Amino acid sequence: MAVVYSDPASWAVAVYLAAGCGLRGGEIFGLELDQIDLKRREVDTSQQLVCVSGRKPYLAPVKTETSTRTIELPDLLCAAPDAHLKRFGAVENEIDDETDLPRPSRRVAKLLIATNMLQPVHRAIDDGSNMWAPVRRDPRPGPVSTACGTTSPRC
């Protein structure tokens, strides 16, 4: 949650999609504009952004067949992606796409979320934007409230 408090305008959508829809980090950071349908209130999770040591982030299929799913966006959650897209738009990045393994390609992806330096989010390496610094220095102790009203221990 510290990420939301540090820069609510650019990171709130990630927290809402994780807490409200159960999307994993790779699924959120690999979301492209065409995977979000606000009129139908749906998010398609057929790909993820994969980060491995020694390689730039790339798009790949989700971990299992059951991970490929269409998730309904509750009315409350539709506002977050809509506001994010209106303010920031999708960020275009040339990226390796291995979602079709027999035919990997390099293409321009319209990612929903990017770093301050307009690059795909690499969860393991700080690219100089210091995007994870607020999480590391978050002073708030104790459990954190979730979107559903429950609490979970701070990691």
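Close-up 1. Lys56 counts as exposed because its relative accessibility is 66%, and exposed means over 50%. The structure shown is a predicted model. Lys56 lies in a loop. That loop runs between strand S3 (47–50) and strand S4 (58–61). Pro120 is 64 residues away from Lys56 along the chain. The C-alpha atoms of Lys56 and Pro120 are separated by 8.8 Å.

**Close-up 2. Strands S1, S2 and S5 form an open sheet.** The three strands are ordered S1-S2-S5, and their pairing is antiparallel. S1 and S5 are the edge strands, each pairing on one side only. S1 covers residues 36–37. S2 covers residues 42–45. S5 covers residues 69–72.

**Close-up 3. S1 and S2 meet in a hairpin.** Four residues sit between the two strands of this hairpin. Arg41 in the hairpin takes a positive phi near 60°. Two bridges join S1 to S2, and the strands run antiparallel. Asp37 has Glu42 of S2 as its bridge partner.

**Close-up 4. S2 also pairs with S5.** Four bridges join these antiparallel strands. Glu42 has Glu72 of S5 as its bridge partner. Thr45 is partnered by Arg69, also in S5.

**Close-up 5. Strand S2 has a covered face and an uncovered face.** Val43 and Thr45 make up the covered face. Glu42 and Asp44 make up the uncovered one.

**Close-up 6. The length of helix H4 agrees with its residue count.** H4 holds 14 residues, 75–88. At 1.5 Å a residue, H4 should span 20 Å. Its end C-alpha atoms are 21 Å apart, so the two values agree. Gly89 follows H4 and has a positive phi, near 70°.

Close-up 7. The buried residues of H4 are Leu77, Cys78, Ala80, Pro81, His84 and Leu85. They cover an arc of only 160° around the axis, so they lie on the same side of H4. An α-helix has 3.6 residues a turn, so residues three or four places apart point the same way. The face turned away from the buried side of H4 carries exposed residues. These are Asp75, Leu76, Lys86 and Arg87.

Definitions and conventions. Residues numbered from 1 in each chain as written. Predicted model: local features only at pLDDT ≥ 70, side-chain atom pairs only at ≥ 80, totals over all residues. Heavy atoms only, no water. Expected span 1.5 Å × (residues − 1). Buried < 20%, exposed > 50% of the residue type's maximum accessible area, 1.4 Å probe, protein only. Arc of directions from axis to C-beta. Pairing = 2+ DSSP bridges.
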